[in-house]
Amino acid sequence: MRFARSVGLLLSAAAVVLWAYGVTVLQPLTEPIGPWSESLPGNNAYWARDLRFLAIMAVAIGLVLAGRGHLRWSQPAVALGGLWVAADVAIDRADPAGVEATVLLAVSGCAVLAALAAVLHWRERATPPARERGTPSAVERKALTGAACVAGVLALVAAGIESPTDREPELNQGALATAALLVVLAVGAALAAAPARTQARVGLAAGLVVAALLGVGLARAAPPGSRLLPEVALGAVLLTGITVLAWDWPGGRPIWWHHALAALVAVVGPTVFLLATAIPIMILLPIGATFTRLAGNSPINGADSDVLISLFGLLSGLAMSLLLARPSVEDRRRLR
(Lines give C-alpha, C1' and ligand atoms only; values in the text may rest on other atoms or scores of the structure.)
Protein backbone atom coordinates (compact mmCIF):
# COMPACT_ATOMS: atom_id res chain seq x y z
CA MET A 1 0.00 0.00 0.00
CA ARG A 2 1.37 3.34 -1.05
CA PHE A 3 0.75 5.16 2.22
CA ALA A 4 1.42 2.24 4.58
CA ARG A 5 4.46 3.90 6.16
CA SER A 6 2.76 7.15 7.08
CA VAL A 7 -0.56 5.53 8.04
CA GLY A 8 1.12 2.93 10.24
CA LEU A 9 3.23 5.49 12.09
CA LEU A 10 0.27 7.83 12.54
CA LEU A 11 -1.86 5.04 14.02
CA SER A 12 1.01 3.97 16.28
CA ALA A 13 1.33 7.54 17.54
CA ALA A 14 -2.42 7.62 18.23
CA ALA A 15 -2.02 4.39 20.22
CA VAL A 16 0.77 6.01 22.25
CA VAL A 17 -1.57 8.86 23.17
CA LEU A 18 -4.28 6.39 24.20
CA TRP A 19 -1.75 4.54 26.34
CA ALA A 20 -0.63 7.73 28.08
CA TYR A 21 -4.25 8.68 28.75
CA GLY A 22 -4.90 5.22 30.15
CA VAL A 23 -1.96 5.43 32.56
CA THR A 24 -2.68 8.88 33.95
CA VAL A 25 -6.48 9.22 33.71
CA LEU A 26 -8.10 5.78 33.51
CA GLN A 27 -5.84 3.76 35.81
CA PRO A 28 -6.42 5.98 38.90
CA LEU A 29 -10.17 5.38 38.49
CA THR A 30 -9.69 1.63 38.96
CA GLU A 31 -7.53 1.67 42.07
CA PRO A 32 -9.37 1.39 45.42
CA ILE A 33 -8.43 3.65 48.30
CA GLY A 34 -7.00 1.92 51.34
CA PRO A 35 -5.65 -1.60 51.98
CA TRP A 36 -8.72 -2.91 53.81
CA SER A 37 -10.00 -6.34 52.82
CA GLU A 38 -13.57 -5.14 52.29
CA SER A 39 -12.27 -2.67 49.69
CA LEU A 40 -10.50 -5.26 47.55
CA PRO A 41 -11.54 -5.01 43.89
CA GLY A 42 -13.47 -7.68 42.01
CA ASN A 43 -13.58 -9.17 38.51
CA ASN A 44 -12.47 -6.88 35.67
CA ALA A 45 -11.51 -4.16 38.16
CA TYR A 46 -8.32 -3.30 36.29
CA TRP A 47 -9.99 -2.75 32.93
CA ALA A 48 -7.75 0.29 32.38
CA ARG A 49 -4.72 -2.00 32.39
CA ASP A 50 -6.23 -4.12 29.63
CA LEU A 51 -7.00 -1.03 27.55
CA ARG A 52 -3.40 0.16 28.00
CA PHE A 53 -1.98 -3.21 26.99
CA LEU A 54 -4.25 -3.23 23.94
CA ALA A 55 -2.92 0.22 23.04
CA ILE A 56 0.66 -1.07 23.37
CA MET A 57 -0.19 -3.94 21.04
CA ALA A 58 -1.66 -1.39 18.62
CA VAL A 59 1.68 0.47 18.66
CA ALA A 60 3.45 -2.73 17.58
CA ILE A 61 0.87 -3.55 14.89
CA GLY A 62 1.17 -0.02 13.54
CA LEU A 63 4.91 -0.51 13.17
CA VAL A 64 4.35 -3.78 11.32
CA LEU A 65 2.06 -1.89 8.95
CA ALA A 66 4.60 0.94 8.61
CA GLY A 67 7.23 -1.62 7.65
CA ARG A 68 4.82 -3.26 5.16
CA GLY A 69 5.29 -6.60 6.93
CA HIS A 70 9.06 -6.67 6.46
CA LEU A 71 10.92 -8.71 9.07
CA ARG A 72 13.29 -5.79 9.65
CA TRP A 73 10.36 -3.83 11.09
CA SER A 74 8.26 -6.64 12.54
CA GLN A 75 10.89 -8.02 14.91
CA PRO A 76 11.71 -4.63 16.53
CA ALA A 77 7.98 -3.93 16.75
CA VAL A 78 7.41 -7.07 18.82
CA ALA A 79 10.47 -6.32 20.98
CA LEU A 80 9.27 -2.76 21.55
CA GLY A 81 5.86 -4.05 22.62
CA GLY A 82 7.42 -6.33 25.24
CA LEU A 83 9.68 -3.60 26.60
CA TRP A 84 6.77 -1.15 26.64
CA VAL A 85 4.69 -3.51 28.79
CA ALA A 86 7.58 -3.72 31.28
CA ALA A 87 7.85 0.08 31.29
CA ASP A 88 4.09 0.34 31.76
CA VAL A 89 4.24 -1.75 34.93
CA ALA A 90 7.01 0.43 36.36
CA ILE A 91 5.16 3.63 35.46
CA ASP A 92 1.91 2.28 36.89
CA ARG A 93 3.73 1.62 40.16
CA ALA A 94 4.71 5.31 40.30
CA ASP A 95 1.02 6.32 40.01
CA PRO A 96 1.32 9.31 37.64
CA ALA A 97 -1.80 11.44 37.23
CA GLY A 98 -2.87 14.76 35.78
CA VAL A 99 -2.57 16.63 32.50
CA GLU A 100 1.17 17.24 32.82
CA ALA A 101 1.86 13.54 33.31
CA THR A 102 -0.36 12.69 30.33
CA VAL A 103 1.49 15.11 28.06
CA LEU A 104 4.89 13.99 29.33
CA LEU A 105 4.16 10.30 28.75
CA ALA A 106 2.58 10.92 25.34
CA VAL A 107 5.51 13.05 24.14
CA SER A 108 8.08 10.62 25.54
CA GLY A 109 6.33 7.65 23.95
CA CYS A 110 6.06 9.36 20.58
CA ALA A 111 9.76 10.29 20.80
CA VAL A 112 10.69 6.64 21.38
CA LEU A 113 8.46 5.61 18.48
CA ALA A 114 9.96 8.26 16.18
CA ALA A 115 13.52 7.30 17.13
CA LEU A 116 12.91 3.61 16.40
CA ALA A 117 11.15 4.40 13.11
CA ALA A 118 14.02 6.67 12.06
CA VAL A 119 16.61 3.97 12.78
CA LEU A 120 14.61 1.32 10.91
CA HIS A 121 14.03 3.65 7.98
CA TRP A 122 17.76 4.45 7.80
CA ARG A 123 18.65 0.75 7.87
CA GLU A 124 16.09 0.09 5.16
CA ARG A 125 17.49 2.78 2.89
CA ALA A 126 21.03 1.46 3.41
CA THR A 127 19.95 -1.89 1.95
CA PRO A 128 19.03 -1.90 -1.77
CA PRO A 129 15.51 -3.28 -2.34
CA ALA A 130 15.42 -6.81 -3.75
CA ARG A 131 12.32 -5.99 -5.79
CA GLU A 132 10.12 -3.14 -6.81
CA ARG A 133 8.75 -1.13 -3.89
CA GLY A 134 5.03 -1.41 -3.28
CA THR A 135 4.87 -5.10 -4.16
CA PRO A 136 4.97 -7.10 -0.90
CA SER A 137 6.49 -10.55 -0.98
CA ALA A 138 4.60 -13.67 0.02
CA VAL A 139 6.19 -13.59 3.50
CA GLU A 140 5.33 -9.91 3.97
CA ARG A 141 1.75 -10.48 2.83
CA LYS A 142 1.36 -13.24 5.40
CA ALA A 143 2.83 -11.01 8.13
CA LEU A 144 0.46 -8.17 7.26
CA THR A 145 -2.56 -10.49 7.09
CA GLY A 146 -1.58 -12.02 10.42
CA ALA A 147 -1.24 -8.56 11.97
CA ALA A 148 -4.70 -7.70 10.62
CA CYS A 149 -6.17 -10.84 12.22
CA VAL A 150 -4.55 -10.04 15.57
CA ALA A 151 -5.81 -6.44 15.43
CA GLY A 152 -9.29 -7.70 14.52
CA VAL A 153 -9.51 -10.04 17.52
CA LEU A 154 -8.09 -7.36 19.83
CA ALA A 155 -10.81 -4.99 18.58
CA LEU A 156 -13.40 -7.53 19.75
CA VAL A 157 -11.73 -7.68 23.15
CA ALA A 158 -11.71 -3.90 23.46
CA ALA A 159 -15.35 -3.68 22.41
CA GLY A 160 -16.40 -6.14 25.12
CA ILE A 161 -14.35 -4.97 28.11
CA GLU A 162 -16.40 -4.57 31.29
CA SER A 163 -15.84 -3.39 34.86
CA PRO A 164 -17.36 -4.51 38.20
CA THR A 165 -19.91 -1.67 38.07
CA ASP A 166 -20.01 -0.76 34.35
CA ARG A 167 -21.01 2.75 35.36
CA GLU A 168 -17.80 4.54 34.41
CA PRO A 169 -18.33 6.79 31.38
CA GLU A 170 -14.55 6.71 30.89
CA LEU A 171 -14.72 2.94 30.32
CA ASN A 172 -17.03 3.32 27.34
CA GLN A 173 -14.96 6.19 25.94
CA GLY A 174 -11.68 4.31 26.31
CA ALA A 175 -13.09 1.06 24.94
CA LEU A 176 -14.64 2.78 21.93
CA ALA A 177 -11.47 4.69 21.09
CA THR A 178 -9.22 1.63 21.48
CA ALA A 179 -11.53 -0.65 19.49
CA ALA A 180 -11.90 1.95 16.72
CA LEU A 181 -8.12 2.31 16.44
CA LEU A 182 -7.67 -1.47 16.23
CA VAL A 183 -10.39 -1.70 13.55
CA VAL A 184 -8.58 0.85 11.39
CA LEU A 185 -5.28 -0.96 11.95
CA ALA A 186 -6.83 -4.31 10.99
CA VAL A 187 -8.33 -2.97 7.77
CA GLY A 188 -5.19 -1.00 6.92
CA ALA A 189 -2.94 -4.04 7.36
CA ALA A 190 -5.30 -6.19 5.29
CA LEU A 191 -5.34 -3.63 2.47
CA ALA A 192 -1.54 -3.41 2.59
CA ALA A 193 -1.39 -7.21 2.24
CA ALA A 194 -3.42 -7.16 -0.97
CA PRO A 195 -1.45 -7.99 -4.13
CA ALA A 196 -2.83 -4.85 -5.81
CA ARG A 197 -4.63 -1.77 -4.52
CA THR A 198 -7.65 -1.60 -6.81
CA GLN A 199 -10.66 0.70 -6.51
CA ALA A 200 -12.77 -2.29 -5.56
CA ARG A 201 -10.50 -3.17 -2.64
CA VAL A 202 -10.27 0.45 -1.46
CA GLY A 203 -14.05 0.78 -1.55
CA LEU A 204 -14.41 -2.51 0.30
CA ALA A 205 -11.92 -1.32 2.93
CA ALA A 206 -13.88 1.90 3.50
CA GLY A 207 -17.16 -0.01 3.81
CA LEU A 208 -15.59 -2.53 6.17
CA VAL A 209 -14.30 0.23 8.46
CA VAL A 210 -17.75 1.82 8.62
CA ALA A 211 -19.50 -1.51 9.27
CA ALA A 212 -16.99 -2.55 11.94
CA LEU A 213 -17.17 0.80 13.72
CA LEU A 214 -20.96 0.49 13.79
CA GLY A 215 -20.53 -3.00 15.22
CA VAL A 216 -18.23 -1.67 17.93
CA GLY A 217 -20.80 0.96 18.84
CA LEU A 218 -23.58 -1.64 19.00
CA ALA A 219 -21.46 -3.91 21.20
CA ARG A 220 -20.75 -1.09 23.64
CA ALA A 221 -24.42 -0.05 23.63
CA ALA A 222 -25.53 -3.53 24.67
CA PRO A 223 -25.97 -4.05 28.42
CA PRO A 224 -23.06 -5.74 30.25
CA GLY A 225 -23.35 -9.50 30.11
CA SER A 226 -25.27 -9.48 26.83
CA ARG A 227 -22.50 -8.44 24.44
CA LEU A 228 -21.59 -11.90 23.19
CA LEU A 229 -23.85 -11.90 20.11
CA PRO A 230 -22.83 -8.37 18.97
CA GLU A 231 -19.18 -9.34 19.45
CA VAL A 232 -19.59 -12.57 17.46
CA ALA A 233 -21.29 -10.63 14.66
CA LEU A 234 -18.57 -7.98 14.72
CA GLY A 235 -15.86 -10.65 14.58
CA ALA A 236 -17.54 -12.43 11.69
CA VAL A 237 -17.83 -9.23 9.64
CA LEU A 238 -14.39 -7.86 10.44
CA LEU A 239 -12.34 -11.04 10.09
CA THR A 240 -14.18 -12.20 6.97
CA GLY A 241 -13.71 -8.74 5.48
CA ILE A 242 -10.00 -8.97 6.23
CA THR A 243 -9.74 -12.16 4.18
CA VAL A 244 -11.65 -10.63 1.27
CA LEU A 245 -9.32 -7.63 1.30
CA ALA A 246 -6.02 -9.44 1.75
CA TRP A 247 -6.46 -12.70 -0.16
CA ASP A 248 -5.85 -13.19 -3.88
CA TRP A 249 -8.62 -12.59 -6.40
CA PRO A 250 -7.84 -15.01 -9.25
CA GLY A 251 -9.27 -13.60 -12.45
CA GLY A 252 -10.17 -10.38 -10.66
CA ARG A 253 -12.83 -11.95 -8.41
CA PRO A 254 -12.67 -13.50 -4.91
CA ILE A 255 -13.08 -17.23 -4.49
CA TRP A 256 -16.28 -16.88 -2.52
CA TRP A 257 -16.45 -20.38 -1.09
CA HIS A 258 -13.00 -19.85 0.45
CA HIS A 259 -14.32 -16.75 2.18
CA ALA A 260 -17.44 -18.62 3.27
CA LEU A 261 -15.21 -21.09 5.10
CA ALA A 262 -13.27 -18.17 6.55
CA ALA A 263 -16.57 -16.72 7.78
CA LEU A 264 -17.35 -19.94 9.66
CA VAL A 265 -13.94 -19.80 11.29
CA ALA A 266 -14.47 -16.11 12.11
CA VAL A 267 -17.80 -16.85 13.82
CA VAL A 268 -16.57 -19.50 16.24
CA GLY A 269 -12.79 -19.10 16.28
CA PRO A 270 -12.23 -16.02 18.50
CA THR A 271 -14.56 -17.23 21.26
CA VAL A 272 -13.19 -20.77 21.20
CA PHE A 273 -9.58 -19.61 21.28
CA LEU A 274 -10.27 -17.06 24.02
CA LEU A 275 -11.74 -19.78 26.23
CA ALA A 276 -9.05 -22.29 25.28
CA THR A 277 -6.30 -19.88 26.34
CA ALA A 278 -8.02 -18.17 29.27
CA ILE A 279 -9.11 -21.22 31.26
CA PRO A 280 -5.73 -23.06 31.43
CA ILE A 281 -3.80 -19.84 32.10
CA MET A 282 -6.20 -18.76 34.86
CA ILE A 283 -5.80 -22.17 36.51
CA LEU A 284 -2.07 -22.73 36.05
CA LEU A 285 -0.48 -19.26 35.73
CA PRO A 286 -1.68 -16.30 37.82
CA ILE A 287 -0.39 -13.79 35.28
CA GLY A 288 -2.94 -11.12 36.09
CA ALA A 289 -2.18 -11.30 39.82
CA THR A 290 1.54 -11.08 39.06
CA PHE A 291 1.10 -7.89 37.05
CA THR A 292 -1.11 -6.46 39.79
CA ARG A 293 1.52 -7.18 42.42
CA LEU A 294 4.38 -5.79 40.32
CA ALA A 295 2.43 -2.59 39.72
CA GLY A 296 1.85 -2.19 43.47
CA ASN A 297 -1.94 -2.37 43.15
CA SER A 298 -4.43 -3.99 45.53
CA PRO A 299 -5.00 -7.71 44.85
CA ILE A 300 -8.31 -8.95 43.53
CA ASN A 301 -10.80 -10.33 46.03
CA GLY A 302 -10.15 -14.02 46.70
CA ALA A 303 -13.63 -14.94 45.49
CA ASP A 304 -12.92 -13.44 42.04
CA SER A 305 -10.25 -13.80 39.37
CA ASP A 306 -7.54 -11.38 38.25
CA VAL A 307 -7.97 -11.81 34.50
CA LEU A 308 -5.65 -10.29 31.92
CA ILE A 309 -8.06 -10.42 28.99
CA SER A 310 -5.74 -8.43 26.70
CA LEU A 311 -3.21 -11.28 26.84
CA PHE A 312 -5.89 -13.84 26.04
CA GLY A 313 -6.97 -11.66 23.11
CA LEU A 314 -3.41 -11.57 21.79
CA LEU A 315 -3.06 -15.35 21.97
CA SER A 316 -6.47 -15.81 20.33
CA GLY A 317 -5.50 -13.37 17.57
CA LEU A 318 -2.29 -15.26 16.90
CA ALA A 319 -4.25 -18.51 16.70
CA MET A 320 -6.70 -16.94 14.23
CA SER A 321 -3.78 -15.69 12.16
CA LEU A 322 -2.51 -19.26 11.80
CA LEU A 323 -5.83 -20.14 10.14
CA LEU A 324 -6.60 -16.98 8.16
CA ALA A 325 -3.20 -15.46 7.31
CA ARG A 326 -3.10 -17.33 4.02
CA PRO A 327 -3.43 -14.67 1.31
CA SER A 328 -2.41 -16.85 -1.64
CA VAL A 329 -4.47 -19.68 -3.07
CA GLU A 330 -1.50 -22.03 -2.63
CA ASP A 331 -1.39 -21.27 1.11
CA ARG A 332 -5.01 -22.28 1.51
CA ARG A 333 -4.64 -25.45 -0.55
CA ARG A 334 -2.03 -26.68 1.95
CA LEU A 335 -4.78 -26.87 4.58
CA ARG A 336 -6.56 -29.62 2.68
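How many helices and how many strands are there in the chain? There are 12 helices and 0 strands. This is a predicted model. Read along the sequence, the pattern is α-α-α-α-α-α-α-α-α-α-α-α. The radius of gyration is 20 Å, close to the 20 Å that the globule rule gives for 336 residues, so the chain is as compact as a globular protein of that length. Along its principal axes, the C-alpha trace spans about 65 × 45 × 35 Å.

Now look inside. The structure holds 1 cavity of 30 Å³ or more. About 40 Å³ of space lies in the largest cavity. Which helices each supply at least two residues of its lining? They are helix H2 (47-66), helix H3 (71-94) and helix H10 (287-294). The lining residues can be picked out by name. They are Arg49, Arg52, Phe53, Asp88, Val89, Asp92, Phe291, Thr292, Ala295 and Asn297. By class, the lining has 4 nonpolar, 2 polar and 4 charged residues. Among the lining residues are the arginines Arg49 and Arg52 and the aspartates Asp88 and Asp92.

Next, turn to the surface. Leu275, Ile279, Met282, Ile283, Leu284 and Leu285 form a nonpolar patch there. Together these residues have about 640 Å² of accessible area. Where does Leu275 sit? Leu275 is in helix H9, which covers residues 256-284.

Terms used: Residues are numbered from 1 along each chain as its sequence is written. This is a predicted model: local features need pLDDT of at least 70, side-chain atom pairs count only at pLDDT 80 or more; totals for chains, interfaces and linings use all residues. Side-chain values use heavy atoms; hydrogens and water are left out. Patches are made of residues with over 30% relative accessible area and no salt bridge: like charges are joined within 9 Å, nonpolar side chains (Val, Leu, Ile, Met, Phe, Trp, Tyr) within 5 Å. Accessible areas come from the Shrake-Rupley method with a 1.4 Å probe; for residues, only the protein chains shown count as cover. A salt bridge is a side-chain nitrogen of Lys or Arg within 4 Å of a carboxyl oxygen of Asp or Glu. Helices (H or I, at least four residues) and strands (E, at least two) are DSSP runs, numbered from the N terminus. On a 1 Å grid over the protein atoms alone, a cavity is a set of points where a 1.4 Å probe fits but cannot get out, and a pocket is an open set with protein on both sides within 12 Å along at least five of seven lines; lining residues have an atom within 4 Å of a point. Grid points are joined across faces, edges and corners, and a volume is the space filled by probe spheres set on the points. Ala, Val, Leu, Ile, Met, Phe, Trp, Tyr, Cys and Pro count as nonpolar, Asp, Glu, Lys and Arg as charged, and the others, Gly among them, as polar. The radius of gyration is taken over C-alpha atoms; the globule rule is 2.2 Å times the number of residues to the power 0.38.
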